[in-house]
Amino acid sequence: MSIIQLYFTKGSTFSQRTRVVLREKGIDFIPIEIDLQNKADEFTQISRYGKVPAIKHGDVEIYESAIINEYLDEVFPEPPLLPRDPGTRAIARIWIDYANTRLVPAFNKLLRGKDTQEQEQGRREFTEALLYIEQEGLGKLSNDQYFLGDKFSLVDISFYPWFERLPVLEHFRKFTLPPETPRLQQWWNTVRDRESVQAVANSTSYYIERFTKILGEPTPVGAGQK
Ligand SMILES: N[C@@H](CCC(=O)N[C@@H](CS)C(=O)NCC(=O)O)C(=O)O
C-alpha cells in the first residue's frame, strides 16, 4: 500500500498523538505541515472538520486522532498499542474517551477560560480529573509504569501531550500537579523519556511564546491589590 501522508502542525497536541504512534510503530510517512490560518483545499477535502491531524493512506482518508490511531494500530499491528482482549480494549477506549471528554476540556477551560471565574472552574475540573486518573486509572488499572501495565499504549499517548504543556499552566495560571498525584508524576517522568515522545516534543519556551501571543502576559500576583 502507498506511503502515509500526515497532515499536522508542530504545536498541536492531537497531532502529537498520531506522530508518536507513527514513530512507535516505525511507519514511514510524508509529513505535511498545515498553516491553520490558511488551510489548503487539499487538506480540508481530507480533514472534513478542518482540524489536524489527518492522514491519507492510499484511498483511505481519515481525521480525528483517536480514530486515526486505532486505524494505524489495525493496519500496522506491531507493536500493538491496544490490548488484544476485547474487555481490556474496551476499558482502554473508556480512558481515551476520558482524556477527550474530561481532561482536555478542563485543561482548556483553566488555560483559556474567558474570565477568572471560568478559569477557576477549569482549575477545579482539571484537579478533579487528575485525582480521578491517579486513583481510578493509574491506581487501579496497573501496577506498572503505564496506564495498562508495562506496555506503552494508546491510553498513555492520548493523555500525554497535555502533560508536556504543564509548564504553560504554571506560567499563566500558577498551576502545578497536586501533591496527591505521585503515580501521575512518576508516569509522566517515564513517558517524557520515551524516544517517540522526545522526537516530537517542543520546548517550554516555544509554548510560552506561543501562548503569550494568544493570552497576553500573565497577570502578576497581587496586581490590582493595594
Ligand atoms: N478531536 C480532534 C481535535 C483536533 C483539533 O482540535 N486540532 C486542532 C489543533 S490541536 C486544530 O486543528 N484546530 C484548527 C481549527 O479548529 O481550525 C482530534 O482528536 O483530532
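The shell around the ligand is made up of four nonpolar, four polar and three charged residues (Ala, Val, Leu, Ile, Met, Phe, Trp, Tyr, Cys and Pro count as nonpolar, Asp, Glu, Lys and Arg as charged, and the others, Gly among them, as polar). The model is predicted: local features need pLDDT of at least 70, side-chain atom pairs count only at pLDDT 80 or more, and totals for chains, interfaces and linings use all residues. Residues are numbered from 1 along each chain as its sequence is written, and side-chain values use heavy atoms, with hydrogens and water left out.

Around the ligand are Ser-12, Thr-13, Phe-14, Leu-36, Lys-39, Gly-50, Lys-51, Val-52, Pro-53, Glu-64 and Ser-65, a residue being near if one of its heavy atoms lies within 4 Å. For Glu-64, a side-chain N or O atom is 2.8 Å from a ligand nitrogen atom. Of the 510 Å² of accessible area that the ligand has on its own, the protein covers 73% (Shrake-Rupley method, 1.4 Å probe).

The ligand sits in the largest pocket; sitting there requires that more than half of its atoms lie within 2 Å of the pocket's grid points. A pocket is an open set of points on a 1 Å grid over the protein atoms alone, where a 1.4 Å probe fits, with protein on both sides within 12 Å along at least five of seven lines; lining residues have an atom within 4 Å of a point. The space in the largest pocket is about 790 Å³, taken as that filled by probe spheres set on the points, which are joined across faces, edges and corners. Its lining comprises 31 residues, with Ser-12, Thr-13, Phe-14, Leu-36 and Val-52 nearest the centre. Two or more lining residues come from each of helix 1 (13–24), helix 3 (65–75), helix 4 (86–112) and helix 10 (204–215). Helix 4 contributes the most, with six residues. Helices (H or I, at least four residues) and strands (E, at least two) are DSSP runs, numbered from the N terminus. The lining divides into twelve nonpolar, nine polar and ten charged residues.

Val-52 and Pro-53 are joined by a cis peptide bond with omega of about 5 degrees. Pro-53 is placed in the loop between helix 2 (41–46) and strand 3 (54–57). A cis peptide bond also joins Glu-78 and Pro-79, with omega of about -15 degrees, and Pro-79 lies in the loop between helix 3 and helix 4. Glu-64, although not a glycine, has a positive phi of about 80 degrees; this residue is found in the loop between strand 4 (60–63) and helix 3.

How values were computed: Polar contact = N/O pair within 3.5 Å; in protein donor to acceptor, adjacent residues only side chain to side chain.
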